[in-house]
Amino acid sequence: GGGRCPIVDTWWQTETGAHMIAPLPAVTALKPGSCTQPLPGIMADVVDESGTVIDDPQQGGYLVIKKPWPSMLRTVWNNDQRYVDTYWSMFKGQYYLAGDSAHKDTDGMFWIMGRIDDVLNVSGHRLGTMEIESALVAHERVAEAAVVGRPHDVKGEAIVAYVICKGDRPVGDEAVGLVKTLRAWVQKEIGPIAKPDTIRFADGLPKTRSGKIMRRLLKTIARGEEITSDTSTLENEAVIAQLQGNL
C-alpha cells in the first residue's frame, strides 16, 4: 500500500452475501495473513467434529457461523435438500458449515487454513495445505507452491509439495540441497509434522486459463495414477508432462 493503504485479509463467501470476518478500519489491529475477527453481529467460531469449540491456538477445526445473519443463503434453487446436506447436516442444523478449516490464535484472531477437503490428516494431525504453502512461499527462493496429499501406510497421508522457484528450476545437487533447506524451513515455520515428504520442482503449475490451480491433477500425479479427468481447461499441458517426469 505504499505506506498509505493497509492490505487486509477478509473472509466471506458468495453464500454469506457479505464479508463476515474482517478488520474494522482504524479499529482492528492487523496481523498479516489473518482475517482478524468477526464483524459486529457475526457469531463465527472454530469447532471440532462434535461441534465443541476449540480453544487451543495450535489446533485447527471447522469454521462455522453459530447464529443467522441478514444476508445468509436460504436455499439452493430447486434443491432444498442439497442446501441442507451441504451447509447444515454435519452439525444437525445447529451451525452453518462454511466448508473451510481455520484456527484462532491467543488473541482470538481467525486464520483460514483452507478448504475442508484440502486438509491433510498426517499421523492424526490436521494440516491445512494453504498453511504449508504459505510457509514455503515465505522462503526467499520460492515463488509459488502447491501442496497435496497422497496415501501413506503409516501416517495416513504424506505431504507432497510442488514448488516453483525464483529464477531457474534447480536440478541435480542444487535441487537435493534446496529440498533439505525447504523441509527444515517448514519445520521451523510450522513444526516437524508439517515437513513435506516429497518436494518436486517445476517451471509451472497446472492451472486453468483463469489462473486457478488444478489440484485434482496434482493429486493424481502425486499418487502415480493415470490422468483420466477432463483437462480441456488446462492452460499449459506441457507442465503435466514435466511434473510426471519428475515423479
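Here are some questions and answers on the aromatic pairs and pockets of this predicted model.

Residues are numbered from 1 along each chain as its sequence is written, and side-chain values use heavy atoms, with hydrogens and water left out. Since the model is predicted, local features need pLDDT of at least 70 and side-chain atom pairs count only at pLDDT 80 or more, while totals for chains, interfaces and linings use all residues.

User: How many aromatic pairs does the structure hold?
Analyst: Rings of Phe, Tyr and Trp (its six-membered ring) pair if their centres lie within 6.5 Å. On that rule, the number of aromatic pairs in the structure is six.

User: What kind of pair do Tyr62 and Phe91 make?
Analyst: Planes under 30 degrees apart count as stacked, over 60 as edge-to-face and the rest as tilted. The ring centres of Tyr62 and Phe91 are 6.1 Å apart and the planes sit at 75°, so this pair is edge-to-face.

User: How many residues apart are Tyr62 and Phe91?
Analyst: Tyr62 is in strand S4 (residues 61-65), strands being DSSP runs of E with at least two residues and helices runs of H or I with at least four, numbered from the N terminus. Phe91 is in the loop between helix H1 (80-87) and strand S5 (96-104). The pair links distant parts of the chain, and the separation in residues is 29.

User: Where does the largest pocket lie relative to domain 1 (14-116) and domain 2 (123-244)?
Analyst: The domain bounds come from an automatic or database domain assignment. Both domains give residues to the lining, so the largest pocket lies between them.

User: Which element gives the largest share of the lining of the largest pocket?
Analyst: The elements giving two or more residues are S4, strand S6 (110-115), strand S8 (125-128) and helix H2 (129-137). With four residues, the largest share comes from H2.

User: Which element gives the most to the lining of the second largest pocket?
Analyst: S6 and H2 each supply at least two residues there. The one that gives the most, with four residues, is S6.
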